Amino acid sequence: MNLSVGIVGLPNVGKSTLFNALMEKQQAFAANFPFATVEPNVGIVPVKDSRLDQLAQVVNTDKIIPATVKFVDIAGLVKGASQGEGLGNQFLAHIREVSLIAHVIRHFHDNNVVQTGSGHWLDDFITIETELQLADLSTLEKQKPPKGKVSPADQERWQLINHLKQWLSQGKSLRHSPFASEAKLKLKDLGLLTLKPVILVINLDENDLYRLSQIEEEIKNQLSQPLPTIGLAAKLEAELIEFSPQEKQAYLAELGIKTTSLDRLIQLAYHHLNLQSFLTAGSKEVRAWTIQTGTTAQQAAGVIHSDFEKGFIAAKICDFSDFIRYQGWKGAAEAGKVRQEGRDYIMQTNDVVEFMVTK
């Protein structure tokens with residue numbers, strides 16, 4: 001699945017610092033590309049999942065493979081990006097390729113980092129949203145009305161385009177439009193930017209982390225439309241990479257906090273990409289396999305190997321909690337906690353699975 005999270009915002013809001021923290025946190029899973037002014041950085045980040053450690057203990061394996069999320073560090077947009085300012089056209093093209101936007105706003109003070117926005121997070125947020133709206137409006141205005149013998153589908157598409165243009169002309173993003181769901185299905189080819197889901201990432205001073213929940217709530221209340229919101233200190237997250245677990249715990253205690261928000265961000269992104277995991281557990285490895293919500297058992301088998309989907313017979317499934325409680329497949333089966341499901345079964349988050357396929 002080509003699903004990814006684009007880290008977006010004005011220049012100097014901490015996007016690259018956040019990306020570096022995400023990458024350096026998990027060196028074994030990072031897939032960095034050389035940095036260039038125009039080309040984005042890309043990396044793969046694992047999703048923290050405590051269930052995998054528990055499964056590994058039950059099946060006695062040291063090999064654990066978590067689910068992952070792809071993050072893309074996109075160069076800073078500026079006012080006028082929709083008209084090509086600051087190589088805006090190229091950067092907007094990078095945003096079109098991602099599935100979810102992590103919009104980073106500056107909420108920290110550092111005289112050594114040039115302030116590129118207004119100095120107020122809401123104005124800066126609106127600046128980026130406006131550029132994305134203008135880019136979408138430009139895309140829609142380039143569409144031509146159907147001519148000649150017009151099919152009902154073409155007529156419906158043109159009506160939808162006009163509805164969306166009218167919505168954008170009011171300064172509103174398409175994700176909040178009553179036509180959003182229809183547009184995602186019928187206008188997928190246009191790559192409309194403001195149809196993409198957004199997570200708002202507040203880049204804070206580390207000294208403000210003790211009131212993290214309060215700041216998140218204050219910012220949510222100032223938004224005209226609700227967005228998933230998460231606060232973190234990107235600089236601190238990057239610095240903590242070098243700390244031992246004991247040093248990290250002691251330093252966070254000094255700041256009056258128990259944990260950082262990096263894993264929260266990764267898990268939030270995974271959720272808002274409409275992803276979930278099913279689990280496999282054997283002596284060779286324990287693994288979380290990424291699927292989209294609503295995936296059938298037969299489709300899930302194909303995530304492991306295309307031959308599994310073709311030769312699917314049934315899925316042997318045990319709930320994670322039962323698998324742990326009864327210490328594996330044998331104990332769970334004896335307790336009557338293992339069941340067989342057919343190809344149309346909809347996979348659930350806590351499913352531990354073995355697929356039965358033709359050889």
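Reader: How many bridges join β2 to strand β4 in this predicted model?
Author: The model is predicted. Strand β4 covers residues 68–73 and runs antiparallel to β2. The number of bridges joining β2 to β4 is 6.

Reader: Where does β2 stand in the order of the open sheet?
Author: The sheet is open, has 6 strands and shows mixed pairing. β2 (41–46) and β7 (229–232) each have a single partner strand, so one side of each is left without a neighbour in the sheet. From one strand to the next, the twist averages 25 degrees.

Reader: Which helix lies across β1, β5 and β6?
Author: β1 spans 4–8 and β5 spans 100–107. The helix in question covers residues 121–141 and runs at about 150 degrees to β5. It is α4.

Reader: What angle does the direction of helix α7 make with that of β7?
Author: Helix α7 is formed by residues 212–222. It packs on the sheet and touches β5, β6 and β7. Its direction and that of β7 make an angle of about 140 degrees.

Reader: Is β6 largely enclosed or open, and how many of its residues are buried?
Author: Take the two faces in turn. On one side, V198, L200, I202 and L204 are buried. On the other, I199, V201 and N203 are buried too. β6 is therefore largely enclosed by the rest of the structure, and its buried residues number 7 of the 7.

Reader: In which sense does β6 run relative to β5?
Author: The two strands are joined by 7 bridges. Within this pairing, I101 stands opposite V198 in β6. The sense is parallel.

Reader: What is the hand of the crossover from β6 to β7?
Author: β6 and β7 pair in the parallel sense over 4 bridges. V201 has I230 as its bridge partner in β7, and N203 has L232. The chain crosses from β6 through α7 to β7. This β-α-β crossover is right-handed.

Reader: Which residues of β7 point the opposite way from T229 and G231?
Author: T229 and G231 point one way from β7. Both are buried, and so are the two that point the other way. Those two are I230 and L232.

Reader: Is T61 buried or exposed, and what is its relative accessible area?
Author: T61 lies in the loop between α2 (50–59) and β3 (64–65). Leaving out residues up to four places away in sequence, T61 touches A56, G282, S283, K284, E285 and V286. Buried means under 20% relative accessible area. T61 is buried, at 9%.

Reader: Which residue has its backbone oxygen 3.5 Å from a polar side-chain atom of T61?
Author: The side chain of T61 also reaches the backbone nitrogen of K63, at 3.3 Å. The residue with the backbone oxygen at 3.5 Å is K284.

Definitions and conventions. Residues numbered from 1 in each chain as written. Predicted model: local features only at pLDDT ≥ 70, side-chain atom pairs only at ≥ 80, totals over all residues. Heavy atoms only, no water. Pairing = 2+ DSSP bridges. Axes fitted to C-alpha atoms, helices over the stretch in contact; angles between N-to-C directions. Contact = heavy atoms within 4.5 Å. Buried < 20%, exposed > 50% of the residue type's maximum accessible area, 1.4 Å probe, protein only. Right-handed = clockwise from strand over helix to strand, strands pointing away. Polar contact = N/O pair within 3.5 Å; in protein donor to acceptor, adjacent residues only side chain to side chain.
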